[in-house]
Amino acid sequence: GLLYVGQLDAHLADNSRTSAPVYEGVVVWDGQEIRVAILAMGNRPLLGTALLDGFNINVDFADNGPVTLQRLGTAGP
């Protein structure tokens, strides 16, 4: 149900290139609705890092591992 925007030539981490369909969506991030571009790159979730600007992220890389985000410049627990 996302709005199709077009195609984008993407440069991948293995230095290869591919073309990916781009869609537009809305996410709630830090309490605000933000329009984002979504690249359809397969069936595995990918984390785009543009939204993380100004945040600290802590990830336990394990099945069902916790992910915590904290805005930089705020007091932690």
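Buried here means under 20% relative accessible area, exposed means over 50%, and partly exposed lies in between (1.4 Å probe, protein chains only). With that in hand, Asp 30 counts as partly exposed because its relative accessible area is 43%. This is a predicted model, in which local features need pLDDT of at least 70, side-chain atom pairs count only at pLDDT 80 or more, and totals for chains, interfaces and linings use all residues. Residues are numbered from 1 along each chain as its sequence is written, and side-chain values use heavy atoms, with hydrogens and water left out.

**Salt bridges**

- The structure holds 2 salt bridges, each defined as a side-chain nitrogen of Lys or Arg within 4 Å of a carboxyl oxygen of Asp or Glu.
- Arg 71 pairs with Asp 30, and their closest N and O atoms are 2.0 Å apart.
- Arg 71 sits in strand β5 (residues 67-71) and Asp 30 in the loop between β2 and β3, so this pair ties together parts that are 41 residues apart in sequence; strands are DSSP runs (E, at least two residues), numbered from the N terminus.
- Glu 24 and Arg 35 meet through their side chains at 3.1 Å, N to O.
- Glu 24 belongs to strand β2 (residues 17-29) and Arg 35 to strand β3 (residues 32-39), so the pair ties together parts that are 11 residues apart in sequence.

**Accessibility of the paired residues**

- Arg 35 is exposed because its relative accessibility is 60%.
- Glu 24 is partly exposed at 29%, and Arg 71 is partly exposed at 38%.

**A residue in strand β1**

- Leu 8 is found in strand β1 (residues 3-11).
- Leu 8 counts as partly exposed, with 38% relative accessibility.

Methods. Helix = DSSP H or I, 4+ residues; strand = E, 2+ residues; numbered from the N terminus.
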